[in-house]
Amino acid sequence: NEPIPASKAVSNSVATFISGELDYPEFAINEKFECCVVVKLTIQEDGTFSVDAANSIDDRMRKYVVSAISSLDEKADYYSQFAGQQVALKVKFDLKLI
């Protein structure tokens, strides 16, 4: 099955959940490094997230975000109702926010 775009409400919910779960990586804090990571993910049958694509100017940040999103499962029961939906989001790392 081809993934379908998630509604605005689902996209906002996923973006809020993910941004609340990601910590600012220690290497980025030490290097005073800021950036964004653009991610496209699909909600799986079990409610977890499968990262389809990710892009960033820093490969370490991209890998960190992909790894962190792939391991999130705290709200899997809730998100399983949206299985097959695809979400695009921007994860922003800004030192003013920590």
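Reply: Gladly! Let's start with helix H3, whose buried residues pack against helix H1 (8–21), helix H2 (26–30), E2, E3 and E4. Contact here means heavy atoms within 4.5 Å. Helices (H or I, at least four residues) and strands (E, at least two) are DSSP runs, numbered from the N terminus. This is a predicted model, where local features need pLDDT of at least 70, side-chain atom pairs count only at pLDDT 80 or more, and totals for chains, interfaces and linings use all residues. Residues are numbered from 1 along each chain as its sequence is written, and side-chain values use heavy atoms, leaving out hydrogens and water.

Me: Which residues of H3 are called buried?

Reply: They are Met61, Val65, Ala68 and Ile69. Buried means under 20% relative accessible area, exposed over 50% and partly exposed in between, with a 1.4 Å probe and protein chains only.

Me: How do you know that these buried residues line one face of the helix?

Reply: Seen down the axis of H3, they fall within an arc of 95°, so they line one face. The arc is that of the directions from the helix axis to the C-beta atoms.

Me: What span should the 12 residues of H3 have, and what do the end C-alpha atoms show?

Reply: The expected span is 1.5 Å times one less than the number of residues. For H3 (residues 59–70) that should be 16 Å, and the end C-alpha atoms are 16 Å apart, so the two agree.

Me: Why are E2 and E4 called paired strands?

Reply: Two strands pair if DSSP finds at least two bridges between them. Eight bridges join E2 (residues 35–43) to E4 (residues 85–93), running antiparallel. Cysteine 35, for instance, stands opposite phenylalanine 93 in E4.

Me: What makes E1 and E3 edge strands?

Reply: The open sheet has the order E1-E4-E2-E3, with mixed pairing. E1 (4–5) and E3 each pair on one side only. E1 is joined to E4 by two bridges, in parallel, while E3 (residues 49–55) pairs with E2 over six bridges in the antiparallel sense.
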